[in-house]
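Here are a few exercises to work through with the model open in your viewer. Try each task before you read its solution.

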Amino acid sequence: MDATSNDGRLTVVNGNWGRASLASILAVLESAFRMLTSAFGARPDAPIHISRWHQENPQVVFGQRPYQIFLSTGDTHWSQYVFQFSHELCHVLTGFERYREHRHKWFEESLCELASLFVLRRLADDWKLQPPSAVCQAAEFAPNHQMYALSREQRHLASVRGDLPSWFAANIGKLEANRYDRVRTGVVAAALLPRFLQEPSLWKACRRLNSWDPNGDPVFGGYLDSWCAGLPRNGLEFRTPETIRGILLIP
Amino acid sequence: MSRRWGFYGREDEIGRLLDCFRRQRWFFGAIRGRRRIGKTALVQQALATHLEDDPRGRRCLMVQLPDSTPADFAEVFRSTANQSGLEGLVPEMSEARTLPAIAAAIGSLCTKGVIVALDEFQTCLRGPLRALPSLLQSQVDYLQDIETEGGIIVLGSVQAKMEMLLQDSRTPLFGRTTFNLNLGPWDLRTVFHVCNLHRAHDPKRFLTLWTLFGGVPQYWRHFAEIENIDPIPDWRDWAAEVCASLFLRTGAPLHQEGEMLLQHELRRTSLAILRVVAERTRCSYADLRRAVPEVTSPGPYLKTLIHDLRLIRKDLPLLAGDGARRARYSISDPFLRAWTAALQHACMAARTRPSAEVARLLIPRLSTLEGYAFEELVHLATEEVSSAGTSEFPVTAPVGGYWKRPRRGGEIEIDMIARNEGTRRVRFGSCKRNPREHDDESLASFRRHVKRFLQTDEGKRFSKWDQEWALYSPRFPPLQRGRLETDGWICRDLLDFRHRLTRSDAGATGAFVVSDKVAGRG
C-alpha cells in the first residue's frame, strides 16, 4: 500500500520510513510541492514517486517516468523531508535531464539548495496558518522549518570572508570543478535567498535553465547571457539572470 | 508525573512493522525480547500509526497465552476476541473451545485480514499448550498459499525458548516466519531523550536510573509515574526515594519484578551461579569454582546462562583471542544485576523494617554498582556516538577494557580502549563515578597501566599510533576539567555524550499520534 495524492502527482512508496505514516509524509511533501510549483508557475510533466533509501544522499533518477526520487531521511524529521524533496523537485522543474554534464552545473545545484531553503522558510509561515491536517501538531512544528533553514544558511555564510562577488570570483573555479561542493553551492544559495524570498516570481525563469546547450558558454557571465537570451522580453522573467549577476559577479 | 508517557525510540523496528502491514500480504512474524522491553507496545503503536494510512484499519487480536490448560486458553481467547469486537467475525470463534478449534479460528480471522498477535508464545514449548505450534503450522501453510491480508505475530520473552520454537529444524514452525524482530533495550539516544522529558537530566541521577533500569522502557515508565520526586534536592535522598517507591514499599510496581524475571527460566544451580556473578559484579571462572564448590563443573551452566538465556556476558580483554583464559563473567542485564546484587535482599528486608531505612542502607551498594555501570555506559556511548556520525573519535572496532595479571606482578587494568585503524589513533580511558577520584595518584596509576599495556603482545602495535588519554565521569566540575585539560587530558562526561547523541543534522522530530493503549488511555 503506497500513499498517493488526490491528483495522482505524488506517490510515497511503502518502505521503512520509521514511525511516520505514509499519509503524514505525503502531506509534508505535498505542501513542499505546492509551495515550489506555485513559485515556478509550473508542474512537473509526469508524476513523482518518492521512495526511502538508506544511502547518504537523496537523488532523482535520470530517464525515468514517473520520476523516481529517493530520500535519505525518515521518521518524523519533517524539515529534512522538505529540504531533500524540494532540492530534488527543483532538479525536475529545471529540466535536469536535458544537459547532464557541463561546467555550470554547479549553478543548478545551487538553485536546488536555494529551493530547499526557500520552501522551508515559506512553510514556516504557511504551516502556522494552514497546517496540513494529516501532520500531527504541524502548527507547533512550523518554527522548526525556519530554524532548520537558518542553521544551514548561517553555516554556509560563515565561510565567506569579505564581500560576496569577491568570494565568488575566488571560488568559481572550485565550483566548476565540483558541482557537488555543498559548502560553496550552499553559500551561493544563502546569498540568493533574500531576493527570492522577496520576489518569488524570480523562480519562473528557472524553468528555462536547461533549454540551451551550456557547453557553448565558456564563462558564467556568458551562461547568464544565454539564459537571458532565451527568456521572453515582454515579461519579467529576464530579471532573474540579471538579479543573479548583480549578486554574484563583480560589476 | 511531569508529562504524559509516550512511545519513544524504536524508529527502525516500527518502520519494519509498518512496512510489513502496508504490504497487504500474508505474514507470519516473530518479535522477541525480554520481559517489559515493549513488544506489545510496539505492535500497538504500529497499528495506531497504520490506521492513519488505512482508515478502514487492520483489526487486531492480541491474546496472551496463559501458562495453563487448553480450556483456560480457549476462555482467554474468546473473551479477548469479544473485547476486541471480533467474536462474530468468523463462525469458528464460537466453537473455539479446544486447541484445534482455536487454531482454526485464528486461521479464519487471518483470512478476514485480521492480525492475530499471540503473546508469551514461549509458553507452548512445553506443557498443556505444546500442541499449538503444530496446529498453527497447518494454518500458516494454508494461509501463505492463498491471497490474504491477515497475519500472525508471535511474541515471546524467553529468547532460548522462542528460538527452539521457530528456528529448530525439528519443530513445526521452523522456516515459516516472514520477519523476525529482536527487540533489545532502548539505545542511549532514546534514554537521554526520555530522561530529558521525564525530569532526570542531571547526569548523576541519569546514572542511577541507568544502573537500575538499563534501557528497559517499562521500568522508565514506572519511574516517570512517581509523584513528587523532583523537589528532592539531595541525590542520596532522591535515590532512596526512587528505590523505596519502585521496589521496597508494599505494592511498589517493581517489588516482585526480579523474582518474576528469574522464575521464568532458572533452575537452582543456574540461580546459584547467577548470584555469585552478581555479588562479585565481575568474576573469573576460578572465582566461580571457589564460590560454588558443590558444582564440579560450572561450564555447562555458564554456557546455558550465556548462550541460551543471555543473562550472563562473557568478556575478554580487548584484542585477546577467543581462546584467552582471562575471561570475566558479568550479568548482562542492568536491572537483573541491580536486583540480584542489591535489590532482592533489600526487598526482603523491607518486609520487616521501614522501607525508608532499608532504602538508605541500599545506597552504598547502589553507588558501587553505578561504578561498573558507568564503565559500560562509556563503552556503549563511545560506540553509539561513533555510529551516529557525531563523534570526535570515530571507532572502527568494538570498544572494551583490558586486564592482565601476570604472575610476576605488574598488573594491567585499563577501563577503556577505543581505536581507529584507519587514522591509527587509539584512546585510553579511565572511568570514575566520582570525578574527584581522578586525582594525581589515580592519574599516575593510569599512566603506568597504559605503559605496561604498550609493552604487551597485544599493545605494542599501538606504541607508534597517535595516543589519546581520556578521563570519564558523569559530570566534571568546570574548575577540575579546566585543570585536567590544561595538563593534556581529554575530559568527557555524560553531558558531552548527551550533546553528541541528541544533536541531529536531521532537524527536529515532529510529533506523531501515540496509541491510546501505549499512552494508558485505553
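Before we start: a residue counts as buried if 20 or more other C-beta atoms lie within 10 Å of its own. Keep in mind that this is a predicted model.

**Exercise 1.** Work out which residues of β1(B) point one way, which point the other way, and whether they are buried or exposed.

*Solution.* Start with one face: B:F27, B:G29 and B:I31 point one way. B:F28, B:A30 and B:R32 point the other way, and the residues of both sets are buried. With six of the six residues in strand β1 (residues 27-32) of chain B buried, the strand is largely enclosed by the rest of the structure.

**Exercise 2.** Find the strands that pair with β1(B), then locate the partners of B:R32.

*Solution.* Take β4 (residues 151-156) of chain B to begin with: six bridges join it to β1(B), and the two run parallel. There, B:R32 sits opposite B:G156. Now go to β5 (residues 179-182) of chain B, which pairs with β1(B) in the parallel sense through four bridges. In β5(B), B:R32 has B:N182 as its bridge partner.

**Exercise 3.** Describe how α8(B) and α16(B) cross, and what kinds of residue make the contact.

*Solution.* Check the axes: they come within 9 Å and cross at roughly 90°. An angle from 65 to 115 degrees counts as roughly perpendicular, so that's how α8(B) lies to α16(B). Next, list the contact: α8(B) brings B:L207, B:T208, B:W210 and B:T211, while α16(B) contributes B:L366, B:L369, B:E370, B:A373, B:F374 and B:L377. Sorted by class, that's seven nonpolar, two polar and one charged residues.

Definitions and conventions. Residues numbered from 1 in each chain as written. Chains lettered and ligands numbered in written order. Predicted model: local features only at pLDDT ≥ 70, side-chain atom pairs only at ≥ 80, totals over all residues. Buried ≥ 20, exposed ≤ 12 C-beta atoms within 10 Å, placed from the backbone. Pairing = 2+ DSSP bridges. Axes fitted to C-alpha atoms, helices over the stretch in contact; angles between N-to-C directions. Parallel < 35°, antiparallel > 145°, perpendicular 65-115°, else oblique. Contact = placed C-beta atoms within 7 Å. Nonpolar A, V, L, I, M, F, W, Y, C, P; charged D, E, K, R; others polar.
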